[in-house]
Structure formats: structure tokens, C-alpha cells
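User: Hey, can you walk me through this one? I'd like to hear about its layout and then the ligand.

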Amino acid sequence: MKSAFRRGLASPALAALATLVAWAVAGPAWAAGVLAVGAGAIILFHLRHLQRVSDWASGPLDAEVPSGSGVWADAFAAIHRRVRLRKAQQREMGSIIERFRKAAEAIPDGVLLLDRHGHIEWANARAEQYVGLAMPADRGRPIVNLMRQPEFIRFMEGGEYAEPVLVEQSREPHLLSIQVVPYGASEKMLLARDVTQLEAVARMRRDFIANVSHELKTPLTVIAGFIETLQDLDLEPRQRERYLALMQDQASNMQRLVDDLLALSALESEHNPPNEAEFALVPLLLELSAQGKALAHGQHEIELIIGDAATVVGSRDELASAFGNLVSNAIRYTPPGGRIVLAWEVAADGGGRFSVKDSGIGIAREHIPRLTERFYRVDRSRSRATGGTGLGLAIVKHVLLRHQAELEIDSEPGEGSTFTVVLPPRRVKRAPAVAVERPPVAQASTAGGETAD
Ligand code: ADP
């Protein structure tokens, strides 16, 4: 500043010196002339630069800083430096804001900023999707005009934000958990989380507990009733025997239920089967057929068709339990005299298909998608009467999930059902031998088949 002042004095000093020299050499008239010319030139020079500064300052924000000479050159250079610095700071600020914006966009929840009047200032894309708003058109609109659910309006007006509020919507997502975080003077940040899935899981858990309690309560009530009768009444030995047998039945039902619950919980606790191994499928199919026959007590015709001998990679125990459940269901839901066909083949893509086809009661189309839900039964009393726990197909589903296999269900009420397990190609290896087991009466035709027992 001091040097600019000094440099600024140089030209007036020069003009003064020239005036003195003119006075000494040519007299006062000349001196006055020299002074007038010098002063005029100096004033013109500064006015021109002042005009440049004024034009720049009133021009667009990004206008180039003007250039100048003499003392103005330094001043303009200093302004130029400041402008450059300010621009760099603005760029940095812009990049910080952009990073914050990107971070807010990446948050898996909806984020909404509300001003002190509850009007929307900013929202990330997820908030737009969750709440159904469109920015920037909805900027400045009161949030309660967009979310009109009474529970939300009460929550916002109540001003008590320690706990989130659950808000149901007719659009997706159907259930939002909304948390309000006050900040600044009296602005608010609103966090919206989609809890539709979480709530569905919680509801399933509640239903499951209610179902288990109900399933256990029925046999327990029956057993308690019989115990009371046995204690209170002096029964004849035959009647006593009958009551004890009924109690035994109920105890077995409970035992089966607990066994299935334990099996299901073990299956759910891990994603992969614990004991993966390669095993031959034919012996397993023969075991299943023999178990089916024992279960059917000769009341059903059971046929086994093995199209392709193969080995399977997986848990033998788990697959045996899943296949066994399908066989037992086929027997339980097929009236005496019916026919059940167990069949295995390696499909064209190298995957395996194990099917259990029965000529039983069949299943109406609307029930099919829900059959693998825990405790879902088409006919509760028939399931109970045949010793069903309502968990068989849920177990099958979990075993198949762990083997990346699928269950296909094809059924016609009154005609029968076919349950098919489709194993992925990487779990199946074709082996050379081919075997077919048929009942002595029904001679099913199978290309290249051979009787196995
Ligand atoms: P449950 O112990 O009741 O048999 P599952 O989970 O094994 O339980 O089967 C669920 C329901 O699916 C059964 O209650 C029954 O209504 C129906 N279902 C299963 N298999 C068959 C079948 N082969 N034929 C007709 N209905 C079946």
C-alpha cells in the first residue's frame, strides 16, 4: 500500500518538477501551461482506469479483471489474485457440497430437509420415491400436504420425535418408518425407511408362534382331559386301554411336531447343507419305495421308475427327508386303492427330476402357491387325521433351497397331484445302470427300463 502510494506520487512530482523548470527557463506563463498539461494527463490517466474498475465491478461476476499500467497495474494484479483465490475457494466449496449431496443420495433411506415451517427444502431421490414427491417442483410445499396420513400429521404436530412413527401407504413402499431429527434453529431432517419387509417378517414370526402354540395346545388339552378322566373315574380295563392309546396318539402327534420344528429350525439356521457328499441315488429311491409301501399298508399301488441311474452331490439325509415327505404326502392324500408313481430321470440339460405322482384328492389351483408355507393346509382336519404337522412341505422347500433345487407342483382336484423336485445339473452325474421297479400288477412302460427288485 505504501509503495503504491509512493509510486502514485511519482507522476505529480514529475509534473511539479517540469513546472518549476519551465518557470525558471521560460517564466510563469509557460509554467502554468506545463502544469495544466501535466495535471490534465494525470487526471485523464486515473479517470480511464477508474472507468475500467467501475465497468468490471458492475459487469458479470465472471468478467475478466481489467489490465492497467503504472500504479493501477499493481492494484489490478492484487484484485486478480483475490478473484483467483475466491474462485478456487468456491470450487472447493462446490466439490464439498457435491460430495455431501452424493453421500446423501447414497443413503439407503429417504432423506428430507424441512425448514422451520415444515416446508420441503431438499430431498434425495429415495425420499422422492418413498413419499411420492417430485423435486424441484415440490420444493417449498408443506410436508403434511404431501403425506396426509393422520398418524403422520399427529406425529409432526405433536413435536415428540424420540421414537419413529410407522406410516402406512397405499403405494409402494407400503410401510414407512419415519424418524425426525431436529437440527439448526428449528429445521428438521426427516428420515424415511422402508420397513414393509421387516414388518412382514415380524408378522410371520408372530403368526408362527401363535400357530405352534395352537398346534401344541390341541393335543395337550386332549391328554390333560384323559388324565383327568383316568384320575376321576374308575374305568374298565378295556376303556382304560382305549384312552391310553388315544393319549399315545396325541403324544406322538406332539413328538412329530417337535421333531419337524427342530428339523426346520436346523435347516433355516444355515444356507448350505452341512454334509455334502456324492451318493448313488438308486439305493435311496429303493429305500423310499420300500418305506412308501410300509406306510401304505398295502392299500396303495406303489411304482418306482428309474429312467437314469445317477449320483447326486448333496446331503443324502436332507434329500431323503424331502423326498420322503413327498412320498408320505402322496400316500396320506390318496384314498385307498389309489396309485403312486415315484420317478427319477436325468433331464436333457443334465439336471435331475424326482417326481411323486398320485391319484389322490388333488389341490385347487389357488392353494398351490401357499403349500410350502409353514402350517398351511388345504384341509386341516384331513392333515391332522393322517398325522400331518403342516410342516412337511416347508421342510421340503428349505432342503431344496439349500440344494439350489426347485419344487414344481401340478395338481387337479379329484384327479391327483405331481410334486417334482428339479435338481440343478451341477449336482447330478449320470451313471451307466438303469433300473425300474414295478408292482406285480401295473406294468408301466418305460423305455430301456429294468426291474430293480
Ligand atoms: P401336512 O402335514 O398337513 O401334510 P405339508 O406341509 O406336508 O403338511 O402339506 C401342506 C398341505 O398341502 C397339506 O395339508 C395338504 O393340504 C396339501 N398337500 C400336500 N401334499 C399333497 C398331495 N400329494 N395331495 C393333496 N394335497 C397335498
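User: How is the chain divided into domains?

Analyst: Into domain 1 (4-100), domain 2 (107-194), domain 3 (198-268) and domain 4 (277-452); the bounds come from an automatic or database domain assignment. Residues are numbered from 1 along each chain as its sequence is written. It's a predicted model, where local features need pLDDT of at least 70, side-chain atom pairs count only at pLDDT 80 or more, and totals for chains, interfaces and linings use all residues, while side-chain values use heavy atoms, leaving out hydrogens and water.

User: How far apart are the centres of domain 1 and domain 2?

Analyst: Their C-alpha centres lie 56 Å apart.

User: OK, switching to α8. Which residues are buried there?

Analyst: Tyr243, Met247, Gln250, Met254, Leu257, Asp260, Leu261, Leu264 and Leu267. Buried means under 20% relative accessible area (1.4 Å probe, protein chains only).

User: And what covers them?

Analyst: The cover of those α8 residues includes α7 (196-232), α10 (316-332) and α12 (392-402). Helices here are DSSP runs (H or I, at least four residues), numbered from the N terminus.

User: Which polar atoms does Ser383 put by the ligand, and how far off?

Analyst: A polar side-chain atom of Ser383 is 2.5 Å from a ligand oxygen. Also, a polar backbone atom of Thr389 lies 2.9 Å from an oxygen atom of the ligand.

User: How much of the ligand's accessible area does the protein cover?

Analyst: 98% of the 520 Å² that the ligand has on its own, by the Shrake-Rupley method with a 1.4 Å probe.

Terms used. Buried means under 20% relative accessible area, exposed over 50%, partly exposed in between (1.4 Å probe, protein chains only). Helices (H or I, at least four residues) and strands (E, at least two) are DSSP runs, numbered from the N terminus. Contact means heavy atoms within 4.5 Å. A polar contact is a pair of N or O atoms within 3.5 Å; within protein, one must be able to donate a hydrogen and the other to accept it, and residues adjacent in sequence count only if both atoms are side-chain atoms.
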